[in-house]
Amino acid sequence: DLVKAQLFGSQPLVPGIDEVRFGLAAKPALEALSGAEGALRRFRTESWIEYEDRVLAVERANTTEQATGPSAWREAAIAGGDFILRQLRKDGSFHYQYFPLQDHHPPPDPAKLSLPRHAGTVYALALLYRYTGEERFKLGAERAIAWLDTRMGPECGTPERACVLDGEWASLGAAALTMVGMLEYQRATQDPRYEPVLRRLAAFVLMMQKDDGNFYHQYAPGRDFIDPERLEMFYSEEAALALVMAHEVLGEQRYLDAAKAALDYLTGPKYALFFLGQFIYGADHWTCIAVGEAFPRLDSRQYLDFCRGYSEFIGRLQYEPEGWPPGFEGHYGFTSFMVPQAPATAGFTEAIVSTWELSVAYGEESEALRQQVSAALDALARDQIRAENAWMMPAPQRAKGGIRRSLVESEVRIDFTQHAASALIRGSHPKAQ
């Protein structure tokens, strides 16, 4: 009842940061019980459900009995892709949120529209098509790309450039991930229909690159103004991946030269600019995906060492099988008070799959990396909405394949499922195998 009422994991540890929440919303829980007669007592029971001809144990509204390994990851990736396709609207845009316990899509809110999120979902659909050959993923990617095309203005300062508009601004992240999605589509299908716009988008990304290899993040085409101050997470890293893929698909050396400058910066000087950079890593999962895509065209020990360090740093946050509450294994987080969030596991694992593949390519296969990937992908497949754990949901078939924020927070967002599906399909068919 408390999970269904969304009263768990609701108290922010840091105000305004939704990703760091824990505990029980005690006030509304007590208000719901206010009509009860007599003294209230708290008690705990063992939980189980009947499913088909079996009795399944339940922890935090999730059944723990689940297949593991590459075949289960592939099945989960395809289920995630099918969930994404069900979120695709007639005009090619996506429902960005779904609440499975209510079978509810909130009305579209332009203020919450995320063009990078949309473009990243195109990338996942194109990846799924490349790895599975299933035509529905190709068609879904085409519809979503066609909608993105409507967000591009007639020009971006000059007709030779294209950028993805959000009001008066064009962001580096939206342009870069639009490139990534279109490039993955062209790589998977050999269909060059988007090549002209890809070259124009690439011209915009190159314009936004600084002399040190980093990037500016926001541009106002109407004023021909680059904002030198405004910075966003992931944008520089996404741009590096776009340039690496542009070289592979479009074949121009200038893209690889720019990608090298970007990766040299992101794996080196980026962290030399501040004291804590000697001890931490930040939002680098796109960096390590780009490093994996670049090899062997860009063969730098610095890149491998950086991503091995990133994976080791993240690995310290991965819950081990023993010593933590049931269901935490393989996810990432800290303390046993906060239920781990699947989107973090999905994003980290995309990068760690790339790092594992790169280590093998260097002849330095790491069992620790392989286990890190396997545990995380098993966790994503275990927590994904499926028939066995959807008994509280009024429309299990519509919810199937979705990735929730956590087991106690039912929100399914399109990017949660996109990152998970990408990690699962790549992990089930790694270059390292």
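This is a predicted model: local features need pLDDT of at least 70, side-chain atom pairs count only at pLDDT 80 or more; totals for chains, interfaces and linings use all residues.

Tutor: Residues are numbered from 1 along each chain as its sequence is written, and side-chain values use heavy atoms, with hydrogens and water left out.

Student: How many helices and strands does the protein have?

Tutor: Helices (H or I, at least four residues) and strands (E, at least two) are DSSP runs, numbered from the N terminus. Counted in this way, the protein has 15 helices and 12 strands.

Student: Why does the protein count as being as compact as a globular protein of its length?

Tutor: The radius of gyration is taken over C-alpha atoms, and the globule rule is 2.2 Å times the number of residues to the power 0.38. For 433 residues the rule gives 22 Å, and the protein is close to that value, so it is as compact as a globular protein of that length; its radius of gyration is 22 Å.

Student: What percentage of the residues of the protein count as buried?

Tutor: A residue is buried under 20% relative accessible area, exposed over 50%, and partly exposed in between (1.4 Å probe, protein chains only). Of the 433 residues, the buried share is 54%.

Student: Among contacts between residues at least 6 apart in sequence, what percentage join residues at least 24 apart?

Tutor: A contact means heavy atoms within 4.5 Å. Among the contacts between residues at least 6 apart, those joining residues at least 24 apart make up 66%.

Student: Is Gly-323 buried or exposed?

Tutor: Gly-323 is placed in the loop between helix 11 (301-315) and helix 12 (342-361). Because its relative accessibility is 73%, Gly-323 counts as exposed.

Student: What distance separates the C-alpha atoms of Gly-323 and Gln-190?

Tutor: Gln-190 lies in the loop between helix 5 (172-189) and helix 6 (195-207), and its relative accessible area of 64% makes it exposed. Along the chain, Gly-323 and Gln-190 are 133 residues apart. The separation of their C-alpha atoms is 49 Å.

Student: Which residues does the cis peptide bond with omega of about 5° join?

Tutor: Most residues other than glycine have a negative phi, and most peptide bonds are trans. The cis bond joins Phe-295 and Pro-296.

Student: What is the phi of Asp-224?

Tutor: Asp-224 lies in the loop between strand 9 (218-220) and strand 10 (225-227), and it is exposed, with a relative accessible area of 53%. Gln-190 has a positive phi near 60° without being a glycine. Asp-224, also not a glycine, has a positive phi of about 50°.

Student: Which residues make up the uncovered face of strand 3?

Tutor: In a regular strand the side chains alternate between the two faces of the sheet. The covered face of strand 3 holds Ile-49 and Tyr-51. Its uncovered face holds Trp-48 and Glu-50.

Student: Which residue of strand 4 stands opposite Glu-50?

Tutor: Strand 3 pairs with strand 4 (residues 54-59) over 4 antiparallel bridges. Tyr-51 faces Arg-54, and Trp-48 stands opposite Ala-57. Opposite Glu-50 stands Val-55.

Student: In the hairpin of strand 4 and strand 5, which residue takes a positive phi near 50°?

Tutor: Strand 4 and strand 5 pair in the antiparallel sense over 2 bridges, and Val-58 has Thr-63 of strand 5 as its bridge partner. The hairpin has 2 residues between the strands, and the residue with the positive phi is Arg-60.

Technical notes. Two strands pair if DSSP finds at least two bridges between them.
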